[in-house]
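Subject: Structure for you to look at

Hello,

Here is the structure I said I would pass on. Please open it and keep it beside you while you read the notes below.

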Amino acid sequence: MVLLPIATAASIRFGSALWPEHWPLIIRLVCAAILVEFGCYWIHRAGHEKEFLWRFHCTHHSPQRLYWLNAGRDHPVGAILTIARKSVISSISSLSICCYF
């Protein structure tokens with residue numbers, strides 16, 4: 001989320017769009033998916049490496065037995081971070097956030 005204001009300022013300063021609107025939809029969807037997955041990876045990794053974030057992320061790893069019902073288990077703060085990341089990508093790419101769920 002820190003990069004959004006920087007990217008916006010650079011876009012205004014240099015006169016280029018934040019997202020290539022003229023590209024075909026399928027290519028924009030693939031690019032958006034890559035950005036979302038990149039964000040997922042780094043947020044998940046930070047959840048393991050930073051003690052403050054681990055307090056929230058450990059809920060994800062707490063089940064003794066993994067099965068379909070608890071596979072998506074998450075702390076509310078973790079869920080908020082996920083939604084925020086997807087919302088930023090959606091706003092930059094002008095794609096509907098429904099594409100990511």
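This is a predicted model: local features need pLDDT of at least 70, side-chain atom pairs count only at pLDDT 80 or more; totals for chains, interfaces and linings use all residues.

Salt bridges

There are two salt bridges in the structure. Side chains of opposite charge can pair when their charged atoms come close. One joins Arg45 to Glu49, with 2.9 Å between the closest N and O atoms. Both residues belong to helix H2 and sit four residues apart, about one turn of the helix. Glu49 counts as exposed because its relative accessibility is 51%.

The other salt bridge links Glu51 and Arg55, at 3.7 Å from N to O. This pair lies in helix H3, again four residues apart. Glu51 is exposed, at 60% relative accessible area, and Arg55 is exposed too, at 52%.

Nonpolar patch

On the surface, Trp23, Ile26, Ile27, Val30 and Ile34 form a nonpolar patch with about 480 Å² of accessible area together. Ile34 is part of helix H2 and counts as exposed, at 55% relative accessibility.

Second largest pocket

This pocket holds about 310 Å³ of space. Its lining has 17 residues, and those nearest the centre are Ile43, His57, Asp74, Gly78 and Thr82. Helices H2, H3 and H4 each supply at least two lining residues, and H4 gives the largest share, five. By type, the lining divides into seven nonpolar, seven polar and three charged residues.

Regards

Notes: Residues are numbered from 1 along each chain as its sequence is written. Side-chain values use heavy atoms; hydrogens and water are left out. On a 1 Å grid over the protein atoms alone, a cavity is a set of points where a 1.4 Å probe fits but cannot get out, and a pocket is an open set with protein on both sides within 12 Å along at least five of seven lines; lining residues have an atom within 4 Å of a point. Grid points are joined across faces, edges and corners, and a volume is the space filled by probe spheres set on the points. Ala, Val, Leu, Ile, Met, Phe, Trp, Tyr, Cys and Pro count as nonpolar, Asp, Glu, Lys and Arg as charged, and the others, Gly among them, as polar. Patches are made of residues with over 30% relative accessible area and no salt bridge: like charges are joined within 9 Å, nonpolar side chains (Val, Leu, Ile, Met, Phe, Trp, Tyr) within 5 Å. Accessible areas come from the Shrake-Rupley method with a 1.4 Å probe; for residues, only the protein chains shown count as cover. A salt bridge is a side-chain nitrogen of Lys or Arg within 4 Å of a carboxyl oxygen of Asp or Glu. Buried means under 20% relative accessible area, exposed over 50%, partly exposed in between (1.4 Å probe, protein chains only).
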